[in-house]
Every structure is written in structure tokens, then in C-alpha cells.
Amino acid sequence: MKDHESNNISGNPRRKFLQKSAFGGIGVLLAPGLMSSSVNPLEIDNTDSDKNNKMSTRNLGKLKVSALGAGCMSISANYGAPARPEEGIKTIRKAYENGVTLFDTAEVYGPYTNETLVGEALSPFRNKVAIATKFGFQIGASQITLNSRPEHIRKVVEESLKRLKTDHIDLLYQHRVDPNVPIEDVAGAVKDLIKEGKVLHFGLSEANTATIRKAHLVQPVSAIQSEYSFMERSVEKNGVLDICEELGIGFVPWGPLGLGYLTGKLNAQTPFDNKLDLRSAFDRFTPENLAANMPIVNLLNRFSSDKNATVSQIALAWLMAKKTFIVSIPGTRNIPHLNENLGAANIQLTASDFQELENEFSKLKVHGGRMNTMQMTFCQ
């Protein structure tokens with residue numbers, strides 16, 4: 001078996017890792033340090049906050065969360081320059097005010113800055129939300145390697161707890177499966193942390209069915225996170241969605257809007273900063289493939305007109321209709337887009353709508369792989 005160094009990504013920490021990292025939230029563009037928030041948590045009045053939380057809930061294993069969650073990565077990294085921290089905090093808090101209770105981050109987003117931002121934003125109502133974060137990497141100054149050794153998992157968790165300003169992590173994912181560490185050892189390490197109360201639930205990201213089954217025997221898995229959207233259907237073909245249903249595991253799609261493509265706001269002329277935007281190195285985001293995949297957006301757009309909705313809302317509503325154990329985590333860094341995303345919870349797709357979408361999609365071809373060969377080596 002290969003050692004950890006054989007799985008490293010070396011060189012310029014911004015450009016080369018941008019090109020070669022596994023996405024799904026690996027996100028290691030070395031963002032500027034997190035500025036202190038101009039919003040004082042003590043000034044927030046939570047007296048009526050529960051009255052605003054009207055979104056329906058779903059279960060990720062035994063973890064009950066809002067039917068739509070919030071992916072926080074893009075506030076701090078990987079979709080261009082980081083947003084101003086105070087704007088990110090306002091967006092996260094507005095999501096809570098509108099019923100969102102699942103917030104997704106990771107130590108490698110930034111790295112580190114996104115966890116700090118999320119911890120600050122959620123501190124006024126920490127015990128009313130579920131925070132999901134991730135381990136799985138050894139983050140160095142110029143390279144990042146896979147590392148899921150039990151002692152490293154414990155170290156990462158202790159550091160994440162401090163950044164998140166909390167004494168427990170609601171959902172802890174292994175960010176990417178480490179081929180050099182048996183998954184049973186990983187699950188066992190998380191099981192110990194659960195016994196100690198530092199972690200409440202266990203998740204895996206971009207894991208295959210064999211890994212999921214082995215891990216689940218040691219410590220019940222609450223959620224699987226992988227890329228999944230109306231245009232990215234790999235988990236329907238590789239058995240991952242099926243095993244979640246079989247074992248009672250929740251599924252959390254990252255990239256539920258096709259990394260922004262299913263908003264209908266991108267086209268072949270859209271520029272992507274090759275130093276700050278991961279999509280610049282993704283095959284589906286070449287000008288040729290952006291143009292070639294437009295019939296998928298057009299299909300969603302036809303339905304959005306009938307439902308008085310946006311393309312984004314139809315894409316998210318489709319995922320909600322697909323399985324009741326699916327909880328998407330669309331990301332945004334501003335309140336207007338947040339409101340648009342959350343509006344998907346009010347879109348009702350009938351059985352006929354859903355079948356028509358499936359039938360029409362089956363006639364289309366998705367152009368370009370979701371990640372290049374190097375990036376896919378981090379996924380099972």
C-alpha cells in the first residue's frame with residue numbers, strides 16, 4: 001500500500017492544489033485571515049427565533065435537521081475571493097432565522113477560516129442548530145495529504161471545537177477516505193469521540209458502498225455526503241444512494257446546484273479565476289462544456305416557468321422530491337441568493353412533474369466529467 005506522501009499535492013498551495021484537489025469541499029485556497037465580526041452576538045435577540053423556524057425537518061440517521069441545510073464553504077473559499085466576514089455571518093444568521101438548522105463546514109475550507117466564521121455566526125443559538133464539519137487531511141504550508149489516523153482525528157476535532165466555539169460537533173465526516181487507514185479504525189476513533197460527547201454523529205464523504213458498510217458495522221453512519229444534483233447522477237449508479245436507503249443513512253448532496261451551473265446564471269463566456277475559483281480546473285466548466293450542457297438548464301427553466309419558480313428552486317425541489325432522506329446544502333454568500341434557495345422548500349413537484357423531468361433528462365447527455373483524473377483519485 002502507498003504511504004501518505006504518495007497521496008500528496010505539492011507545489012504552490014494556491015494554484016496547484018486548486019487544480020488537483022478533490023472538491024466537495026476540500027477547499028484549501030489559502031484565504032486571508034478571518035477579520036473579527038462587526039456584529040456583536042450579544043446584541044441578537046433570540047426570543048422569537050423559534051417562531052420563525054417553520055421549515056419542515058428530515059432525518060439524517062437519528063439526527064433531525066431542516067429539510068434544506070446551508071453549505072458555508074463558498075463564503076470563505078473556492079468560489080472567488082472570500083466574502084467579507086460580516087456579510088457571511090449575516091447570511092448564516094439569516095439562514096437560521098428562516099428555519100435552517102444544518103450548517104456545513106470543514107477545517108480545510110480556508111483552511112480554518114470557515115470554521116471560525118461559522119462558530120462566530122452560530123454562537124448566539126449554538127444549541128438550536130447542528131454543525132457538520134470534517135477531518136481527513138494533513139494541512140501543510142505547501143501541500144496537503146490524506147491523514148485519517150486515529151490520533152490525527154482526535155487532534156483535528158480538538159482544534160475544530162475551539163474554532164467552532166463549542167463543546168461538541170453534531171455531525172463529523174471523514175472528508176475523504178484514506179486508503180492507508182482501515183475504515184474500521186476510523187470509525188472506531190469517531191466512536192470513542194462519541195462516547196466522550198465531543199461528537200454526536202458520524203458521516204462519510206465520497207465513500208463507496210463497501211466502505212460505508214464496513215464503517216457502519218463499527219459505528220452507525222448518520223450521513224453520506226457526495227456530489228449529487230439534477231445533472232450529476234453518479235450516486236444513482238454506484239449504489240451509494242441505495243445503501244443509504246437500505247441502512248437508514250441520510251444523504252447530503254454537495255454541489256446540489258451543479259456548482260452554480262444549475263442557477264441558469266452561467267454560460268460559455270463566464271470567467272473563472274484560475275487562482276481563486278476551483279471551477280476553473282473542472283472539466284464541466286470549460287467554455288465548450290458550459291455551452292454543451294445548456295439543454296439541461298433549459299429543461300429546468302421550462303418547469304420553473306410553470307411553477308412560478310427559478311431554475312435553482314426547481315433543481316433543489318427535484319432533490320427534495322427524490323428521497324425523503326436527502327438534505328441538500330446549497331451554498332451562498334449573500335441573503336438574496338439564500339432566500340432564493342430556501343424558496344425551493346415551497347415548490348411542490350407532483351409525481352407527474354418528477355417523471356417528466358426524469359424522462360426528459362434521460363434524453364440529454366452531460367458533457368464533461370465532474371472532476372479530472374487527479375481529483376477523482378481522492379474519491380472512491
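This is a short walk through one protein chain, from its overall make-up to a few local details.

Good morning, everyone. A word of caution to start: this is a predicted model. Let's begin with the whole chain. It has 380 residues, and 56% of them count as buried. The chain contains 16 helices and 11 strands. Now look at contacts between residues at least 6 apart in sequence. Of these, 79% join residues at least 24 apart.

Next, the core. In soluble globular proteins, nonpolar side chains tend to be buried together. Here the largest nonpolar core has 91 residues. Which residues have the most contacts inside it? They are Phe103 and Phe251. Helix H13, residues 311-322, gives the most to this core: eight residues. There is also a second, separate core of 12 residues, and Ala130, Tyr173, Val252 and Ile329 are among them.

Stay with phenylalanine 103 for a moment. Set aside its neighbours within four places in sequence. Its contacts then include Ala70, Cys72, Ile92 and Ala95. Tyr96 and Leu122 are also in contact with phenylalanine 103.

Tyrosine 96 brings us to the aromatic rings. The structure holds seven aromatic pairs. In one of them, tyrosine 96 is stacked with phenylalanine 125, at 3.9 Å centre to centre and 10 degrees between the planes. Where do these two lie? Tyrosine 96 is in helix H4, residues 85-97, and phenylalanine 125 is in the loop between helix H5 and strand E5, so the pair ties together parts 29 residues apart in sequence. Both residues are buried.

Another pair is edge-to-face: tyrosine 228 and tryptophan 318. Their centres are 5.7 Å apart, with 65 degrees between the planes. Tyrosine 228 sits in the loop between strand E10 and helix H9, while tryptophan 318 belongs to helix H13, so this pair ties together parts 90 residues apart in sequence. Buried or exposed? Tyrosine 228 is buried, at 0% relative accessibility. Tryptophan 318 is buried too, with a relative accessible area of 0%.

These rings belong to a cluster. Ring pairs link Tyr228, Phe230, Phe251, Trp318, Phe354 and Phe361. Remember Phe251 from the largest core.

On to another arginine. Arginine 370 lies in the loop between helix H15 and helix H16. With 11% relative accessibility, arginine 370 counts as buried. What does its side chain contact? One partner is the side chain of glutamate 206, at 2.9 Å. Another polar contact, of 3.0 Å, joins arginine 370 to the side chain of glutamate 227.

Last, the backbone. Most residues other than glycine have a negative phi, and most peptide bonds are trans. The bond from glycine 110 to proline 111 is cis, with omega near 0 degrees. Proline 111 is in the loop between strand E4 and H5. Tyrosine 112 lies in the loop between E4 and H5. Its phi is positive, about 75 degrees. Tyrosine 112 is partly exposed, at 30% relative accessibility. Lysine 165 also has a positive phi, near 55 degrees. Lysine 165 lies in the loop between helix H6 and strand E8. It counts as partly exposed, with a relative accessible area of 49%.

That's the tour. Thank you.

Methods
Residues numbered from 1 in each chain as written. Predicted model: local features only at pLDDT ≥ 70, side-chain atom pairs only at ≥ 80, totals over all residues. Heavy atoms only, no water. Core = buried A, V, L, I, M, F, W, Y, C linked by side-chain atoms within 4.5 Å. Buried < 20%, exposed > 50% of the residue type's maximum accessible area, 1.4 Å probe, protein only. Helix = DSSP H or I, 4+ residues; strand = E, 2+ residues; numbered from the N terminus. Contact = heavy atoms within 4.5 Å. Phe/Tyr/Trp six-rings, centres within 6.5 Å; stacked < 30°, edge-to-face > 60°. Polar contact = N/O pair within 3.5 Å; in protein donor to acceptor, adjacent residues only side chain to side chain.
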